[in-house]
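Thanks for having me this morning. I would like to walk slowly through one part of a structure, so please have a look at it first, and then we will go through it together.

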Amino acid sequence: MTPAREADFGLLVSRSFENLWAIRKPVAIYLAVVAVAAFTIPLLGIGFTSGGGVVIYLFGQYWLFQALLKTRGLLETQGNHLAPFLLLAMLLIGPIMVGIFALILPGLFLVARWIAAPAFVAARGGSAWAAAGGSWQTVRGHTGKIASIVVMMFLIASLFGTLGAAAGGLFAGIAAYRAAQPLNLIEAHLFPLMLLGLSVAVYELLGPRNTMIEDVFG
């Protein structure tokens with residue numbers, strides 16, 4: 001039986017931000033696409049938060065997970081796992097949002113326990129249910145620690161949002177900017193990006209190790 005793994009608060013935080021730095025170019029491309037889409041999608045007569053924005057978000061998240069896992073040497077299968085990744089997002093968002101609106105703490109608990117689920121799917125494939133279960137078991141014993149990191153990241157994103165709102169005031173006179181609000185949209189994506197870094201950090205540091213070499217030569 002594989003022994004439980006340990007990682008302290010500081011290591012999880014540092015690895016989360018190291019993960020984002022490791023894929024800084026894909027992250028920059030992703031944010032640039034978000035900013036451009038914020039201007040162009042309204043021209044098509046639909047809001048960014050409707051289908052177009054959701055598609056960009058989900059496909060972009062999957063692409064970034066794949067890029068980060070490959071960079072970290074954690075990509076265990078080369079297949080396309082987009083379908084279970086999208087199904088996972090649809091399965092988890094409902095319970096998490098209900099928990100957040102109900103009392104905040106239940107939602108935070110669910111975010112912490114399922115934080116590594118997207119990394120499980122993107123790295124290994126398999127079903128959305130298996131990924132959610134794998135994350136639930138991986139985080140067991142570390143829930144409070146990871147929940148605290150999630151809160152810290154939310155506060156950091158909120159701080160950037162305050163700074164972005166101040167900077168946005170400089171462009172308030174531009175009608176196209178007022179319609180698109182690209183800085184607001186970029187700020188809205190910062191928190192999910194930090195959670196992405198944390199997801200892969202939890203998967204790498206606390207998740208089940210790949211014991212293929214030990215199994216073959218042990």
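Helix 6 and helix 7 are oblique to each other, because angles under 35 degrees count as roughly parallel, over 145 as roughly antiparallel, 65 to 115 as roughly perpendicular and the rest as oblique. What we are looking at is a predicted model, in which local features need pLDDT of at least 70 and side-chain atom pairs count only at pLDDT 80 or more, while totals for chains, interfaces and linings use all residues. Residues are numbered from 1 along each chain as its sequence is written, and side-chain values use heavy atoms, with hydrogens and water left out.

Two packed helices are described by the angle between their axes and the distance between the axes. For helix 6, residues 117-124, and helix 7, residues 128-139, the angle is about 125° and the axes are 8 Å apart. Helices here are DSSP runs of H or I with at least four residues, strands are runs of E with at least two, and both are numbered from the N terminus. The axes are lines fitted to C-alpha atoms, for helices over the stretch in contact, and the angles run from 0 to 180 degrees between N-to-C directions.

Which residues make the contact between the two helices? On helix 6 they are Ala 117, Phe 120 and Val 121, and on helix 7 they are Ala 131, Ala 132, Gly 134, Ser 135 and Thr 138, where contact means heavy atoms within 4.5 Å. Five of the residues in this contact are nonpolar, three are polar and none is charged; the nonpolar class is Ala, Val, Leu, Ile, Met, Phe, Trp, Tyr, Cys and Pro, the charged class is Asp, Glu, Lys and Arg, and the others, Gly among them, count as polar.

Let me take one residue from each side. Ala 117, in helix 6, is buried with a relative accessible area of 0%, where buried means under 20%, exposed over 50%, and partly exposed in between, with a 1.4 Å probe and protein chains only. Beyond its neighbours within four places in sequence, Ala 117 touches Leu 88, Leu 92, Ala 131, Ala 132 and Ser 135. Thr 138, in helix 7, is also buried, at 10%, and, again leaving aside neighbours within four places, Thr 138 is in contact with Phe 120, Val 202, Leu 206, Gly 207 and Pro 208.

Trp 114 counts as buried at 16%, whereas Trp 136, at 24%, is partly exposed.

To finish with the whole chain, there are eleven helices and zero strands, and buried residues make up 44% of the 218 residues.
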